Amino acid sequence: MSMSPTTPGFTEQTECGVDMHTPLRDFLRTETGSASVLLAAALTALAWANIGSGTYETFWQTQLSVRLGTHGVSLELREWVNSGLMTLFFFVVGLEARREFDMGELRDRRRVTLPLLAGVSGMLVPVAVYLAFNAGHSSVHGWGAAMSTDTAFALGMLALLGDRLPRGLRIFILTVAVVDDFVALVVIAVAYSGHLTWPALLVALGLFGVILLIRAAGVRRGVVYGLLATASWVALLKSGVDPVVIGLAMGLLTYAYPASRSDLERASDLFRLFREQPTPELERSVRLGLASALSPNERLQRMYHPWTSYVIVPLFALANAGITVDGGQLADAFTSPITLGILLGYVLGKPVGIVGASWLTARLSRSGLHPPVGWGAVSAGGTIAGVGFTISLLIATLAFSGKQLTEAKIGILGAVVGSLAVTWLVTWVIALLPAPSRSRALLGTGQEIVDLAVPVDVHRDHVRGPMEAPVTVVEYGDFECPYCGLAEPVIRELLSDFGDVRYVWRHFPLNDVHPHAQLAAEAAEAAAEQGAYWEMHDLLLAHQGALTAADLLRYAEEIGLDTKRFRKALREHTGAPRVAEDVESADLSGVSGTPTFFINGRRHHGAYDIESLSAAVHVAKERAALVR
């Protein structure tokens with residue numbers, strides 16, 4: 001089946017024949033939908049509680065027991081959601097954080113410091129606001145309900161705002177939210193757990209120690225980790241510590257790494273064997289080979305993220321957001337120190353804490369530590385972080401009951417609305433700024449991480465476009481890869497639309513799946529020896545199904561090359577060292593498939609249709625102008 005740049009399949013493919021969207025991109029792509037489902041669940045809970053309050057509480061207080069012999073766990077349905085299913089939510093949060101540490105922005109450990117400090121400050125300031133309102137009241141112990149950002153809602157708001165805010169803000173907010181979640185779980189375990197049962201707690205710690213040991217030993221069977229994590233969860237529950245903490249811990253322990261070329265080649269070999277002998281044994285080997293090429297982190301995110309986004313978190317909202325509200329209750333709530341402490345702690349305290357800590361850190365480090373985006377975007381991120389829903393409700397249910405719990409829930413829901421409104425106001429103000437000021441406010445002037453290991457050298461690389469262009473697009477490609485062929489007209493359109501962009505092709509022949517790719521790459525280099533690289537490059541991509549030696553000689557004649565010299569270069573493989581240099585640079589840059597694009601040294605993980613590439617180039621141009 002053929003594919004064009006306008007078909008969905010084209011935009012979904014970033015490697016030759018393989019869907020290589022990063023987990024982060026897949027994570028963010030679902031946030032708009034999941035935030036909508038979460039909001040719908042919260043509204044449904046409110047409607048249910050007010051239309052049939054008796055049935056709402058009766059249903060969620062229903063006991064559900066799971067027993068094995070004489071041992072078991074018996075909890076209310078609400079507790080199964082809050083302490084059971086939410087463990088998977090924190091597991092996914094931990095997975096994404098681990099991926100950013102291993103492969104994303106945070107692999108440069110210096111970049112962890114600022115969001116770490118911002119996250120801690122973004123919790124301390126709201127808590128201080130809450131304590132200021134509740135000092136001397138019995139409600140002072142509920143301070144934990146005013147501190148933690150809701151990851152799902154915050155990223156959902158970012159997705160809804162779309163291009164109004166830069167993509168780099170998502171990483172910053174995600175890191176802040178993970179710090180939030182981790183500290184909040186510690187707070188739950190220490191301040192809001194029941195009476196500690198030390199034998200059960202020691203068993204949980206022992207089981208977690210076993211998990212660390214088998215991880216160090218290289219055990220990769222998921223069922224082993226699953227059984228040990230489940231046993232740890234039960235032990236924590238029996239100990240009096242909220243067991244959701246095991247989810248985040250397991251996520252943070254799960255490795256993330258890019259698919260290596262050797263693993264992909266082994267998977268290709270297995271697939272060829274299966275094609276020759278389609279037996280059940282080989283089918284299983286192919287599945288295991290394909291799975292082993294991806295990191296456990298990526299596989300688990302793809303497996304669990306849709307469930308947490310569209311089922312578990314909305315179910316949590318349905319179980320906890322239901323409160324009976326009337327005019328009198330609302331009037332009482334908004335004079336209540338609990339409601340005001342939570343509401344103002346989130347809407348005002350969160351942005352003050354995050355922006356203030358970020359600015360102070362940048363100032364004291366003399367810009368050695370600075371946000372990945374501009375201060376306008378940081379301000380919007382601070383207001384977005386004022387959405388405290390999931391963990392805030394979780395802590396509120398642990399800290400309060402009765403009327404106080406209702407007042408806390410009103411404050412939490414009011415903070416969601418207030419943060420949305422303040423964020424919209426901040427983005428509206430930024431949009432009114434003149435273009436240069438707006439770019440600086442959104443993007444800042446800090447340097448991004450460079451993923452391209454070997455910089456472009458105009459004396460060595462094959463460059464198309466202005467040599468001094470502010471934006472450079474590098475493609476690692478394979479002349480026999482059909483997706484590289486599909487990308488070619490997109491690149492031409494991109495260069496036509498942007499007159500100040502230069503394009504570099506580097507060879508990355510996938511010899512295990514494309515038998516003619518290596519010779520085609522050497523043919524392009526042989527043509528380069530006669531000053532006709534781009535003419536040969538264009539012909540090879542235009543005739544990807546005809547790349548035999550005879551075809552290559554015909555193309556050499558067509559563009560007027562000295563065919564005797566060209567034939568000798570092919571026979572003696574004079575272009576092979578040059579191709580090998582490109583392959584080596586690809587390996588150093590973490591390239592495992594084609595086409596792979598780098599824009600100003602930063603790997604482009606998105607689709608390669610004209611809209612996606614144009615948007616990435618536009619951002620690169622704005623950033624290049626700011627850092628000059």
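Predicted model: local features only at pLDDT ≥ 70, side-chain atom pairs only at ≥ 80, totals over all residues.

A pair of aromatic rings is described by the distance of the centres and the angle of the planes. In this model, the count of aromatic pairs comes to 14. Two of them are set out here:

| Pair | Centre to centre | Angle between planes | Arrangement |
|---|---|---|---|
| Trp 48 and Tyr 56 | 5.0 Å | 90° | edge-to-face |
| Phe 91 and Tyr 304 | 5.9 Å | 80° | edge-to-face |

Let's take the Trp 48 and Tyr 56 pair to begin with. Tyr 56 has a relative accessible area of 1%, so it is buried, being under the 20% cut-off. Trp 48, with 25%, is partly exposed.

What does the pair of Phe 91 and Tyr 304 tie together? Phe 91 lies in helix α5, while Tyr 304 lies in helix α14, which covers residues 296-320, so the pair joins parts that are 213 residues apart in sequence. Phe 91 counts as buried at 12% relative accessibility, whereas Tyr 304, at 26%, counts as partly exposed.

Now for the leucine. Leu 77 is located in helix α5, which spans residues 77-102. Leaving aside neighbours within four places in sequence, Leu 77 touches Phe 59, Trp 60, Thr 62 and Leu 64. Between Leu 77 and Gly 54, the C-alpha to C-alpha distance is 15 Å, with 23 residues separating them in sequence.

Key:
Residues numbered from 1 in each chain as written. Heavy atoms only, no water. Helix = DSSP H or I, 4+ residues; strand = E, 2+ residues; numbered from the N terminus. Contact = heavy atoms within 4.5 Å. Phe/Tyr/Trp six-rings, centres within 6.5 Å; stacked < 30°, edge-to-face > 60°. Buried < 20%, exposed > 50% of the residue type's maximum accessible area, 1.4 Å probe, protein only.
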